[in-house]
Amino acid sequence: MNEPTTRPWTRPHDWAEVVIGVVVALSPLWMTTDNIAMWSLIVLGALIALDGLASLAMPGMVYGEGIQIVLGALLFVSPWVMGFATFMGASWTAWVGGVLTVVAGAAAMPIAQATHKTAGQH
């Protein structure tokens, strides 16, 4: 029963992180942004997607989920910190994408820990 979570490329939480990251990174293509908003979304979205891919490839990598939670929190606060809260599309993308990334990372954390213990990676 626990077997599918120990195999690479099988965890749905990590696939969700990849999709969220790609959508956030590409979102400046269809919404109004300024230079700061555009690069904030591209960079944070790409980092979220890359970390999701790394977690998919290495299912026992527990710290990857922690990084995902931090990236989601950074994405959530980015409209205020980077000063693009006036761009509603970019802001909502950051807020929703940030919350979904934190939820996906937190949901994957126990699975990654169990996989880490099962695989004997210490």
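**Contacts and core**

Analyst: Leaving out residues up to four places away in sequence, Ser 91 touches Pro 79, Phe 84, Ala 85 and Thr 86, where contact means heavy atoms within 4.5 Å. This is a predicted model, in which local features need pLDDT of at least 70, side-chain atom pairs count only at pLDDT 80 or more, and totals for chains, interfaces and linings use all residues. Residues are numbered from 1 along each chain as its sequence is written, and side-chain values use heavy atoms, with hydrogens and water left out.

User: Is Ser 91 buried or exposed?

Analyst: Ser 91 is found in helix 5; helices (H or I, at least four residues) and strands (E, at least two) are DSSP runs, numbered from the N terminus. Buried means under 20% relative accessible area, exposed over 50%, and partly exposed in between, with a 1.4 Å probe and protein chains only. Because its relative accessible area is 0%, Ser 91 is buried.

User: At which residue does helix 4 bend?

Analyst: Helix 4 covers residues 62-81 and reaches 28 Å from its first C-alpha to its last, close to the 28 Å expected at 1.5 Å a residue (1.5 Å times one less than its number of residues). The bend at a residue is the angle between axes fitted to the seven residues ending there and the seven starting there. In helix 4 this angle is about 30°, with a proline, Pro 79, following within four residues, and the bend is at Leu 75.

User: Which residues does Leu 75 touch, not counting residues up to four places away in sequence?

Analyst: Leu 75 is one of the buried residues of helix 4, and it belongs to the largest nonpolar core. With residues up to four places away in sequence not counted, its contacts are Val 24, Leu 41, Leu 44, Ile 48, Ala 94, Gly 97 and Gly 98.

User: How many helices does the protein have?

Analyst: Along the sequence the pattern is α-α-α-α-α. There are zero strands, and the number of helices is five.

Definitions and conventions. Core = buried A, V, L, I, M, F, W, Y, C linked by side-chain atoms within 4.5 Å.
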